[in-house]
Amino acid sequence: MAYNLLKGKRGIISGALDENSIAWKVAEKAHEEGATFVLTNAPIAMRMGQINALAEKTGSTIIPADATNVEELTHLFTHGQEVLGGKIDFVLHSIGMSVNIRKNIPYTELNYDYFLKGIDVSALSLHKMLAVAKKLDAINEWGSIVALTYAAAQRTFPFYTDMADIKAMLESIARSFGYYYGVEKKVRINTVSQSPTKTTAGTGIKGFGDFFDYANAIAPLGNATAEDCANYCITLFSDLTRMVTMQNLFHDGGYSSTGVSNAIMQKMGLE
Ligand SMILES: NC(=O)c1ccc[n+]([C@@H]2O[C@H](COP(=O)([O-])OP(=O)(O)OC[C@H]3O[C@@H](n4cnc5c(N)ncnc54)[C@H](O)[C@@H]3O)[C@@H](O)[C@H]2O)c1
């Protein structure tokens, strides 16, 4: 059911690789809610992914940009405004990649070149996007930026290795930039801390399947799906959440507030 929550709004949505991607669901929902937007992803993802099908379905233009490259981001925001016919109202940052995770390198033995790459792609890219947008004055007052994060930024999840530190930085950038952008242009910046979700990035993590089941058994509402996450992002892009900024918002079925559940106690034979 659609509510026209984003009617007349213009957006930029990054990170849709295939139909499992959280960004893919956000694009579908934003379209249903009346928004027009540009899709973006790293040039290499264009070849691997199915983003053309999403563009066709949602009537969107694709503007490739490596989120670590300020020139390409400048083109994205400049050309994006031309294509959409005005300033941007919402941006989704849905970008994450750790070579250390991909190569199964333990946290205490991290490769620092890979670590720096992960920081650049997954955290600094948010700062770069925001800095470019601000310099170009590309975002409307009361515009809303959402970046996706994970609870390992607050508490240790060993399998998440360097991405835990990188997500902590991402959340901090959202807060810090949220201050400046809020004071100067009333632009809002938040992070959404999402449940484990079966996507390319998620399932690339060793032991993801077992952990997915564990989190599902802890959370009173169960794990939030990518579609649930998309619905939440839409509310944050809408005018109904105008005064929400600089927050890390848990979207996890109650997982982050639950110590233990009866379901887990039973699984361990303790009840
Ligand atoms: N899947 C989960 O369990 C989970 C949980 C919490 C948060 N998140 C976060 O959600 C976001 C989206 O991930 P997803 O799970 O939908 O997986 P996904 O693999 O579908 O999306 C990750 C995207 O990042 C893009 N990307 C990588 N390097 C890039 C670069 N240099 N420039 C531009 N784009 C680049 C990829 O092409 C891909 O589209 C990530 O920030 C991820 O950390 C995922």
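How close do the axes of helix 4 and helix 6 come, and at what angle do they cross?

**Entry 1: the model.** I noted that this is a predicted model, where local features need pLDDT of at least 70, side-chain atom pairs count only at pLDDT 80 or more, and totals for chains, interfaces and linings use all residues. Residues are numbered from 1 along each chain as its sequence is written.

**Entry 2: helix 4 and helix 6.** I looked up helix 4 (residues 70-84) and helix 6 (residues 112-135); their axes come within 9 Å and cross at roughly 50°. Helices here are DSSP runs of H or I with at least four residues, and strands are runs of E with at least two, numbered from the N terminus. Axes are lines fitted to C-alpha atoms, for helices over the stretch in contact, with angles from 0 to 180 degrees between N-to-C directions. Helix 4 and helix 6 are therefore oblique to each other (under 35 degrees counts as roughly parallel, over 145 as roughly antiparallel, 65 to 115 as roughly perpendicular, the rest as oblique). I list the contact residues as Val70, Leu73, Thr74 and Phe77 of helix 4 with Lys128, Met129, Val132 and Ala133 of helix 6. Contact means C-beta atoms, placed from the backbone, within 7 Å.

**Entry 3: helix 6 and helix 7.** I then took helix 6 with helix 7 (residues 161-185), whose axes come within 9 Å and cross at roughly 15°. That makes helix 6 roughly parallel to helix 7. The contact includes Phe115, Gly118 and Ile119 of helix 6, and Asp162, Met163 and Ile166 of helix 7.

Entry 4: I found 7 strands in an open sheet, in the order 3-2-1-4-5-6-7, with parallel pairing. Two strands pair if DSSP finds at least two bridges between them. The edge strands are strand 3 (61-62) and strand 7 (248-251), each pairing on one side only. Helix 1 packs on the sheet, touching strand 1 (10-14), strand 2 (36-40), strand 4 (88-93), strand 5 and strand 6; the direction of helix 1 makes about 160° with that of strand 1. Strand 5 and strand 6 (residues 188-194) run parallel and are joined by 6 bridges. I checked one partner: Val146 is bridged to Asn190 in strand 6.

**Entry 5: the ligand.** I counted 27 residues around the ligand, the closest being Ser21, Gly96, Thr199, Ala201 and Gly202. A residue belongs here if its C-beta atom, placed from the backbone, lies within 6 Å. Helix 1 (22-32), strand 5 (139-149) and helix 8 (200-203) each give two or more residues to the shell. Helix 8 gives the most, with 3 residues.

Terms used. Contact = placed C-beta atoms within 7 Å.
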